[in-house]
Amino acid sequence: MKELETFIASLGIGLSLGLIGAGGSILTIPVFVYILKKDPVSSSVYSMFVVGISSMAGSIQSIFNKLVDFKAVVTFGIPSVLGVFIARKTIFPVIPDELFSVGSFTLSKSMLLMLCLSSLMFLAARRMLKPAEKRDAIELRDAQVTLALLLRGLVVGMVTGLLGIGGGFLIVPALYLLVNLPVKKAIGTALLIIAINSLFGFLNSYTSMEIDWLLLIKFSMGAVVGIIIGTKLSRKIPGNYLKKTFGWVILSMSFYIVYKQFFL
């Protein structure tokens, strides 16, 4: 039964990435924590592999469909990789397993990671659900836009390194709002950036723990199947509908994580 649940969950993760260019790691970490009973720290590492592999499959499809802006990938991707490296090598190791205790309550490193994930999901959902203002197209070579992308790339990379998430819910809005890429092209571009960030983060983390490679391969295969299906379906669904759906999905999941952490 657990294998069936795991396959369905991995398929859903791939569908999420293929349809909206995000949500994969948002779903992956809770699945590993709540269904497969992995601790949040290990789950973050497993998530980077699954999201990295499935995003790479989706980005290849997007490249063939001409839905990837390579200038944005370079501008956003280079500082993202740097951010991943800084987070995994200098920040993550110094966070203590237990931060503080008040009575019977203890804020652990694992709980902090899950609450940070929930908070970021909530903020991203609010932004994606807010109606976008009409604006003229901005060329990527514009100095202000390029600087904004570099800084956001660094932040996304650090978020990926600390929480083990691809950061699609931060990348897609940045590409959509700053560069004015169409939603579907923003999704395709985000998938390639997510793949680079996640796989780089995994390669910098997996040696510090014991990896269940069979589980990872099975899970990743389900996610790849899902993302292939999702990418094809996304061409038939309006971009604005995908954007709103994305916002409601991550908003719901942010509340669910808080509920699981504090009430169960």
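Which residue just after α6 takes a positive phi? Gly-164 does, at about 75°.

Some ground rules before going on. This is a predicted model, where local features need pLDDT of at least 70, side-chain atom pairs count only at pLDDT 80 or more, and totals for chains, interfaces and linings use all residues. Residues are numbered from 1 along each chain as its sequence is written, and side-chain values use heavy atoms, with hydrogens and water left out.

The fold itself has 10 helices and two strands (DSSP runs of H or I with at least four residues, or of E with at least two, numbered from the N terminus). The order from the N terminus is α-α-α-α-β-β-α-α-α-α-α-α. The radius of gyration of the protein is close to what the globule rule gives for 264 residues, so it is as compact as a globular protein of that length (the radius is taken over C-alpha atoms; the rule is 2.2 Å times the number of residues to the power 0.38).

| Quantity | Value |
|---|---|
| Radius of gyration | 17 Å |
| Span of the C-alpha trace along principal axes | about 55 × 40 × 35 Å |

Buried residues make up 52% of the protein, buried being under 20% relative accessible area with a 1.4 Å probe, protein chains only.

Back to helix α6, residues 143–163: its 21 residues should span 30 Å at 1.5 Å a residue, and the end C-alpha atoms are 30 Å apart, which agrees. The expected span is 1.5 Å times one less than the number of residues. Its buried residues include Val-145, Leu-149, Gly-153, Val-156 and Thr-160.

Notes. Buried means under 20% relative accessible area, exposed over 50%, partly exposed in between (1.4 Å probe, protein chains only).
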